[in-house]
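Here is a short briefing to read alongside the coordinates.

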Amino acid sequence: MGSPWKGFVEFTLPASPPTAFVSADLSTSPVGLSLSPYGRSMSFDPSLLHNNGHTAFANGTGVGIRETGVVEKLLTSYGFIQCSERQARLFFHCSQYNGNLQDLKIGDDVEFEVSLDKRTGKPIAVKLVKIKPEVLPEERISGQVGPDMHASPITKLHGYIHPVVSAIPTHLDGKSAPGQVPTGSVCYERNGEVFYLTYTPDDVERNMHLDTGDRVSFYMETNKHTGAVSARNIVLVKKKQMRCQGVVCATKEAFGFIERGDVVKEIFFHYSEFKGDLEALQAGDDVEFSIKERNGKEVATDVRLLPQGTVIFEDISIEHFEGTVAKVIPKVPSKNQNDPLPGRIGARINFSEKELPFGEKDTKSKVTLLDGDHVRFNISVDRRDKLERATNIEILPDTFQFTKESREMGVIAAMRDGFGFIKCVDRDARMFFHFSEVLEESPLHISDEVEFTVVPDMLSAQRNHAVRIKKLPKGTVSFHVQSEQRFIGQVDREATPASAAANKNVSPSKAKEKDAEEGVIAYEDCGVKLTVPYYIKDLEGAALPQLGDKVEFSISEVKRTGLQSAVSIKILNRTGNSKRLLGFVATLKDNFGFIETANHDQEIFFHYSEMCGDVDNLELGDTVEYTLSKGKGNKVSAEKVTKVAPVNGIGEDVGTTVLLGKVTRPLRSVDPSQTEYQGLIEVTEEGASKGQSYPFGIVSMASKADCLQKGELVKFQLCTVVHTSQKMACHIVPQRRALVESVKDQFGFITYEVGESKKLFFHVKEVQDGLELQTGDEVEFSVILNQRTGKCSACNVRRVSEGPKPVATPRPERLVNRLKSITLDDASAPRLVIVRQPRGPDNSKGFSIERKARQPGVID
């Protein structure tokens, strides 16, 4: 009798699932052998084996017969096996495994014997041995790693198949539950079909870490019991070329450098590698790039722009910390200074002392830091090398208590673009400062009181400058010490005020300081006869003290120099003219002006130093209050000039009749040579009042800025002055018409005589309705006088009629004659060379189809 295994055939199948599988009907076989559809496992009737079906155990197996199976479940001390030869699931204890239990995993093939549990009588697996996997002798597969087939197309290279690998998740490596092994997958193509294979970390040679997209090669293994196909002996062929990110840190003529986002390092790139608009590339742009090696050095290639803010080098803490500056950044770095973060701040963080570095860009402002400064900051952690540093550093207000530095006070005396000068309390010289040294964010203004520290200039040891400037409340800084005691004395020498005429281009305050002559007061203190100087600016009241006048005063001493002077001077036994008068601003010059009296018949001089308020807010025609006083030479002037609410300055009983007239005399502000202040208008229209003349002042003008010239035609009404009952002209509107002489880019000139000038300037912004004037246009306009420069210009320009259109200038006769004399044989004559004959849309000369206007809604 032959062997009962004569019908058994051992074979292997191709790695990919075949379209058809082998099926053998072995139902008549004495062993009852049958194949699974893929031929990867088999089952049999155990009753036909061993002792003709008589088994030594209840499960039907004989003593010493070993079976195979697959580990189905694996816990800490026990597990379960799925038998390969029959439908059975057996328990096993880990102590029965012959080998290193750490190498046993779910899915491993094992061989074992079957025994009975003495306590329960149930069959269990004993004497377990792991079966080495059978590697099929097939071709080695190689390719590249990628997440799926769409991300990296599969190609055939040198006869090899290129698979795509899905990497094992790094967060699961070594942290899975007992018996659970993290897996990845390999995807490859064969005969146009895509297949996936799993693998575990043990299947990778030399424990190499694989990333999605890596190119690998491997063998395929088929589990003969489960039929599962997996990848084994995986070898890394080539790492995927990763795209790096960074920020452009420098640009040169033909190349630049990128600060990498993965390591603290710069990399070179040539402009030919930039894919985009090179003109738009600038330092600070976020980019991505690939890295290649050329001439032994790494360079960036395929450089492309990223959205701004994509690359982040550091993480900045939300929490603020406080510390002390231990080392400041030197203003002039030494030649050996290579540390980009030379500064140091000491702080207590998380109950431990730390010293954090910082650089020039880590301070919120450019204010000078000093050793010992109390500061607040955030902590920045570099993502690349985990370096911690202090950033967003700002000085705390209480820092001056820690540094104990010498602070000085002063007043802002002058300011320019980016810098200024401080008038110091304790120094003669003005102290230079830069705007970056101001601690507060609010801007400084002239006369602001400040506190500062004086340090020597790094570039010149002989010069000092102010740093760490702090604004002080008004009234904190005082240059003088004033005595509380009042003294009685007598004027020994009169003080003279500054001459405004001698200082036309100097501000009133400077004129008083420089040109005012001091007076002298004699007094007694404790029986000792003394003298003290005084100035006009220190008087109380409008009256000027005269020689021999008895005065009361206090003494002020300059802190810096110790010089004394009399202040708060009050004249005793004299009464000044304190009557307040009403008037109207008639003229404004550089340092002074004139006020038209309430009777509109004369003007009063006033200096800007007598203005109580901002002179810049004064305009022609404004109502003011003032006090009359006599100065040097018994000249009358206005003092204590104050702007008040407007009043009706043209009087009452305004007539409704509009008259036509002609200016026979302008205001003195227009013609300073005349002695009378008022102007005169003569009625020119027919009627009872023809030939009569009426005076007018600044308040009579409809537009106070209008400059009436002698001989101009005007429209006006009549009113009655309240105080004098005199009739005067009011609501005067000039009637001016003239032609535009020329128009430039933003200005032009009108043919109109003003004073010695034969033409009048105007700006295009003064043209009403936004019209574009042309030469010859007739216009109406007003004339205004610039009180400071004395020049007139036109405003409110309105076009009345258009001028004649410009006619094209005919060709000169000499050019016409020359063109007529040119012949085709003349070599020197200009020639027209036709490069290409013009053709129409149908490729013929000219257009054969006549163009027609298209009618809406009609389709040709």
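Buried here means under 20% relative accessible area with a 1.4 Å probe, counting protein chains only. This is a predicted model, in which local features need pLDDT of at least 70 and side-chain atom pairs pLDDT 80 or more, while totals for chains, interfaces and linings use all residues. Residues are numbered from 1 along each chain as its sequence is written, and side-chain values use heavy atoms, without hydrogens or water.

**Around the strand**
- In a regular strand, side chains alternate between the two faces of the sheet.
- Strand β49 (residues 747-750) runs antiparallel to β50, joined to it by 4 bridges (strands pair if DSSP finds at least two bridges).
- Opposite Leu 760 of β50 stands Ile 750.

**The whole chain**
- The chain has 3 helices and 52 strands, taken as DSSP runs (H or I, at least four residues; E, at least two) numbered from the N terminus.
- Of its 860 residues, 36% are buried.

**Enclosed space**
- How many cavities of 30 Å³ or more are there? The count is 1, where a cavity is a set of points on a 1 Å grid over the protein atoms alone where a 1.4 Å probe fits but cannot get out.
- The largest cavity has a volume of about 100 Å³, the space filled by probe spheres set on the points, which are joined across faces, edges and corners.
- Its lining comprises 14 residues (each with an atom within 4 Å of a point), and Leu 667, Ser 669, Val 670, Asp 706 and Cys 707 lie nearest the centre.

Definitions and conventions
Buried < 20%, exposed > 50% of the residue type's maximum accessible area, 1.4 Å probe, protein only. 1 Å grid on protein atoms, 1.4 Å probe; cavity = no way out; pocket = protein on both sides within 12 Å on 5 of 7 lines; lining within 4 Å.
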